[in-house]
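Visitor: Hello! I am new to reading protein models, and I would like to be walked through this one. Could we take it step by step?

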Amino acid sequence: MPKLRIKTGPNRDKTVPVGETPVSLGRDPECGIQLFDNAASRNHAEVFRIGEMCFVRDLGSRNATFVNEEKIEEELLRVGDKIRIGSTVIVFEDEEAGGSDHSAPIQGVSFKDDDGEKIDDPLKDEEEADARDEEFSEDDFQATIKLNLNRKQLGEIRSAGSGEDVAVHLGLLLDLSKTISGETHLKPLMAKILKIAAEGVSAKIGILFLRDVKGGLIPRSHYGIEPGEDVKVSKTIVRNVFKHGRAVLTSDAVVDARFKQTESIVLQGIHSVICVPMVSQDRAIGILYFESQDVEHPFKPEDLDIITAIGFQASVAIQNVQAHTQQRKMLAGAIRTLVAAVEMNSPETQGHSERVCTYAAAIAEQLKLSDAESQNVQLAALLHDIGKVAADSSNEGGPKVEGHVLVGVKLLENMPGMEPVIPGIKYHHEKVDGSGFPEGLTGDKIPQIAKIVAVANILDHLMNMPDEEGNTKPTKEALLEMSKLGSKSLDPEVVAALFVAHRSGKLFNPKTIFEPAKARE
């Protein structure tokens, strides 16, 4: 729920939710937020909601109301906006409107150096680290396996343990192969790898680190870390494994000669650690890290074997997904160029399809669609007018619009991989009350992808396409117009998601299929 947080004055850090009843701001004790500020009027301003939109309105105060230091009479609020009344500052917040950055490091994992200081990247200051690493030999590890980075055959990896262990491990590898073989998106792939591996060796915690485009090593996925929990990972272990391609098992990290001085291990009482590199095409791309705090059941050499094998599989799978992602981006770039060429014939529509794609991406993110669903939505939004390249532009009204929709469908229906995208193009002129076309679908019979494209399309028309008098609507007025359409022609849930995306500040800056690899993998 959106809320107001007081940042200055005697009620600093007090929060008040913005519900269906307006929140009044002023010196009057009856106000929802009483301001102890001589510059405030008794009833100075109010914050109110219309659906999922929140507004602040000045109530004729003598000293005015400011939003982000601009004087306002009424303003549509977005997350982070600062309302100032006199010297009192109130911030508009909404935790639920936030989204997740798929490329950002996961929360709850930090690196600690041997002095206990938090560091951002264990691979920094490598020359100094190399000098320290030389002070240790492989014998300092209670158990290690050296990996030649050019070795690609899993059969060359040491197999230890009983026949029963080998059967269990082979079954685990087969399960992993089947689970990740069809995955084409990085976030769910990493989660599946960690879950299978951690459960296979009974690990309490598992973390997958990947090297980013700047060469740093960041945590990208985890298993077993509770919300609010802070897991301290020793840079000594991580750096050695990543730099030297050496898989490490220590059955008691607290007393291990190599790591006994590492404060991050001692503080947590970690009794067993497995850390293996993920290597593909002779290049280390990340590491798998697992912890066990069960003193009576530490990791065994057999566990190191299976995690090492999983590291090879994970490396190949991750690189395949990254290559697939890059191909999708190249396709999106080609489509983007084609659409821009189509729109060049009509100056008033230039940029329309890409803006619709941006709004659709923000709505999809707010609706928490999967990466695959979001990308299909974005492609449909980008291509929703592609039929105009061949449709008869001499017609006016409905036949012209309906014509370009059907032409667009015909252009795409023979393209492999476009099957999930076509409904978003074919049905984006349908209306929930059944008055749309081409089939007059109603309510839930309209595919969700088409509902999203429809909302994004109409919003852009309201804000950027001039009416008969040559006028366009400001964002606030366009959103208010959308709220009126939400119960008639547009899907209310999708419209609500649009409003929350605007409120959170992501409507004009979502993660899209055009993001560079460092921002979206």
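Predicted model: local features only at pLDDT ≥ 70, side-chain atom pairs only at ≥ 80, totals over all residues.

Visitor: How much space lies in the second largest cavity?

Guide: Rolling a probe the size of a water molecule over the atoms shows where empty space is left. The structure holds 4 cavities of 30 Å³ or more. For the second largest cavity, the space comes to about 50 Å³.

Visitor: Which element gives the most residues to the lining of the second largest pocket?

Guide: This pocket has about 340 Å³ of space. It is lined by 21 residues, and the closest to its centre are Arg328, Leu331, Gln375, Asn376 and Leu379. Two elements give two or more residues to the lining: helix H8 (371-383) and helix H6 (301-343). With 7 residues, the one that gives the most is H6.

Visitor: How many residues of the lining of the second largest pocket are charged?

Guide: Let us go through the classes in turn. The lining of the second largest pocket has 9 nonpolar residues and 9 polar ones. The charged residues in that lining number 3.

Visitor: Is Asn38 buried or exposed?

Guide: First, find Asn38 in the loop between strand S4 (33-34) and strand S5 (45-50). Not counting residues up to four places away in sequence, Asn38 touches Arg27 and Arg62. Its C-alpha is 9.0 Å from that of Ser87, a residue 49 positions apart from it in sequence. The relative accessible area of Asn38 is 72%, and because the cut-off is over 50%, Asn38 counts as exposed.

Visitor: Is Ala64 buried or exposed?

Guide: Ala64 is found in the loop between strand S6 (53-58) and strand S7 (65-67). Its phi is positive, about 70 degrees, although Ala64 is not a glycine. Ala64 has 10% relative accessibility, so it counts as buried.

Visitor: What is the phi of Asn68 near?

Guide: Most residues other than glycine have a negative phi. Asn68 sits in the loop between S7 and strand S8 (70-72), and it counts as partly exposed because its relative accessibility is 42%. In Asn68, a residue other than glycine, phi has a positive value, near 55 degrees.

Visitor: Which peptide bond is cis, with omega near 15 degrees?

Guide: Most peptide bonds are trans. The cis peptide bond runs from Phe437 to Pro438.

Visitor: Which residues is Leu367 in contact with, leaving aside its neighbours within four places in sequence?

Guide: Leu367 has its place in the loop between helix H7 (352-366) and H8. Its C-alpha is separated by 9.2 Å from that of Leu498, although the two residues are 131 apart along the chain. With neighbours within four places in sequence left aside, the contacts of Leu367 are Gln448, Ile452, Glu493 and Ala497.

Visitor: What separates the C-alpha atoms of Lys243 and Pro277?

Guide: Start in helix H4 (residues 235-244), where Lys243 lies. Lys243 counts as partly exposed because its relative accessibility is 24%. Lys243 and Pro277 are 34 residues apart along the chain, and their C-alpha atoms are separated by 8.8 Å.

Visitor: What share of the residues in the protein chain is buried?

Guide: The protein chain has 13 helices and 20 strands. Its accessible surface comes to about 24,600 Å², of which 49% belongs to carbon and sulfur atoms. Of the 521 residues in the chain, the buried share is 49%.

Visitor: Over which residues is the pLDDT below 50, with 2 contacts beyond near neighbours in sequence?

Guide: The chain averages a pLDDT of 78, and 76% of the residues score at least 70. One stretch with pLDDT under 50 is 516-521, for which the model has 20 contacts beyond four places in sequence. The stretch you ask about, with 2 contacts beyond near neighbours, is residues 393-399.

Notes
Residues numbered from 1 in each chain as written. Heavy atoms only, no water. 1 Å grid on protein atoms, 1.4 Å probe; cavity = no way out; pocket = protein on both sides within 12 Å on 5 of 7 lines; lining within 4 Å. Points joined across faces, edges and corners; volume = space filled by probe spheres on them. Helix = DSSP H or I, 4+ residues; strand = E, 2+ residues; numbered from the N terminus. Nonpolar A, V, L, I, M, F, W, Y, C, P; charged D, E, K, R; others polar. pLDDT = per-residue confidence, 0-100. Contact = heavy atoms within 4.5 Å. Buried < 20%, exposed > 50% of the residue type's maximum accessible area, 1.4 Å probe, protein only. Areas by Shrake-Rupley, 256 points an atom, 1.4 Å probe, with all protein chains shown as cover.
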